[in-house]
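Keep the sequence and the 3D view open as you read.

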Amino acid sequence: MAEHEVDGAAVTAVVDAGPADRRSTRGIGADSVLARVRSGVDDLTGALRRVADHVLSDPETAARSTIVELAERSGTSPATITRFCRAMGFDGYADLRLGIAAETGRARSAGWTVDIGREIQPGDPLDRVLEQLMAADTQAMHDTAALLDLTEVERAAVAIAGAGRVTIVGAGGSALVGQEMQLSLHRIGVAAWAWNDVHDGLASAALLGEGDAALGISHTGQTRETVEMLAEAGSRGATTVALTGFPRSPLAELADVVLLTASQPTTFRPDALSARHPQLVVLDLLYIAVAQRTHDRAHAAFRRTAQAVGGHKASTGAST
């Protein structure tokens, strides 16, 4: 039946921290309960992790369950459920349950929760695969919108808009996302560089100073090279911004500003790959916020760059 022992040090570390010390809530909105659980699940261990896994695997059943039923289904105890609620920032089980019920109800009405998490089979037709990918990405977008703290986006936009120099760092797929951001900023006259090589990134970060900005991108927030490059930028006085899916990660902990994204993995697309679209949406929002704050300069730069490349576009009026 249910277990009744306390989870020891892990519970103390996650639960007993007061509201002022709970950095895991920085940048997390209150609208998406499941996004909040997903963003914090990797910080949980033992019985608390089992509760989180059960809630995420079957949120609709969790929303219908009493605290005793949820404890039995997750192989824990009512006391553990209460600790889990506190760890996730809820006053009690009633708040958690109502939040999940409201969220699953909205998602069901919108029609984009069908078979999310289902394994894609070799024989699945492409229309079925497309439907599943669309549902997963839509879920991830909604979760990201709920997690994202727009005050943090404002802070990042102000820092980048006023920066003399912007360094963007990441590794692997995150570096590709960073290059997209660099190209966008470059088109509106922001002096930005994107690096995926740690030596180049460290050299660029070392040249930053007060009034400059650095953006580090890592879904896990644990990529050592990205953490090292952003830390170097911060040590030189630059404002540091982290784009990550984990608010307690090393990258988030050292950054001045944290922008959170969610992901919804599917077959052949683990977390890091499924986070790509939400990352691009958040960076698009940040880019537009920067353009708003540098409107005249950005508008003039965008017009000039468009004119410069315009001659290389195929003429639509050419005869065959």
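A residue is called buried under 20% relative accessible area, exposed over 50%, and partly exposed in between (1.4 Å probe, protein chains only). R236, with a relative accessible area of 44%, is therefore partly exposed.

This is a predicted model, in which local features need pLDDT of at least 70 and side-chain atom pairs count only at pLDDT 80 or more, while totals for chains, interfaces and linings use all residues. Residues are numbered from 1 along each chain as its sequence is written, and side-chain values use heavy atoms, with hydrogens and water left out.

**The chain overall**

The chain holds 16 helices and 5 strands. Helices (H or I, at least four residues) and strands (E, at least two) are DSSP runs, numbered from the N terminus. The chain has 320 residues, and 47% of them count as buried. Contact here means heavy atoms within 4.5 Å. Among contacts with a separation of 6 or more, 72% are between residues 24 or more positions apart.

**Salt bridges**

Side chains of opposite charge can pair when their charged atoms come close. A salt bridge is counted when a side-chain nitrogen of Lys or Arg lies within 4 Å of a carboxyl oxygen of Asp or Glu. By this rule there are 6 salt bridges, including the ones in this table.

| Salt bridge | N to O distance |
|---|---|
| D43 and R248 | 3.5 Å |
| D53 and R49 | 3.1 Å |
| R236 and E232 | 2.8 Å |

The pair of D43 and R248 links distant parts of the chain, 205 residues apart. D43 sits in the loop between α2 (33–40) and α3 (46–57), and R248 in the loop between β4 and α13 (250–254). D43 is partly exposed at 30% relative accessible area, and R248 is partly exposed at 25%.

D53 and R49, by contrast, both belong to helix α3, where they are 4 residues apart, about one turn of the helix.

With 16% relative accessibility, H54 counts as buried. Not counting residues up to four places away in sequence, H54 touches L70, R73 and S74.

**The nonpolar cores**

What makes up a nonpolar core? It is a set of buried Ala, Val, Leu, Ile, Met, Phe, Trp, Tyr and Cys residues joined through side-chain atoms within 4.5 Å. The largest one has 30 residues, of which L185, L259, L286 and V290 touch the most other members. Two or more residues each come from α9 (150–161), β1 (166–170), α10 (173–187), β3 (213–217), β4 (239–244), β5 (257–260) and α15. Which element gives the most to this core? That is α15, with 7 residues.

L185 touches I160, I168, V190, A192, Y287 and V290, leaving out residues up to four places away in sequence. Another core of 22 residues lies apart from this one, with V55, A63, L70 and F90 among its members.

V190 is in the loop between α10 and β2 (192–195). V190 is buried, at 3% relative accessible area. Beyond its neighbours within four places in sequence, V190 is in contact with I160, V166, L185, V290 and R297. V190 and G164 are 26 residues apart in sequence, with C-alpha atoms 8.1 Å apart in space.

V169, in strand β1, is buried with a relative accessible area of 3%. Apart from neighbours within four places, V169 contacts W195, G201, L215, G216, I217, T226 and M229.

**Where α15 meets α16**

Two packed helices are described by the angle between their axes and the distance between the axes. Axes are lines fitted to C-alpha atoms, for helices over the stretch in contact, and angles run from 0 to 180 degrees between N-to-C directions. The axes of α15 (residues 276–293) and α16 (residues 295–310) come within 5 Å and cross at roughly 110°. Angles under 35 degrees count as roughly parallel, over 145 as roughly antiparallel, 65 to 115 as roughly perpendicular and the rest as oblique, so α15 and α16 are roughly perpendicular to each other.

Y287, A291, Q292 and R293 from α15 meet H295, A298 and F302 from α16. By class, this contact has 4 nonpolar, 2 polar and 1 charged residues. In this scheme Ala, Val, Leu, Ile, Met, Phe, Trp, Tyr, Cys and Pro are nonpolar, Asp, Glu, Lys and Arg are charged, and the others, Gly among them, are polar.
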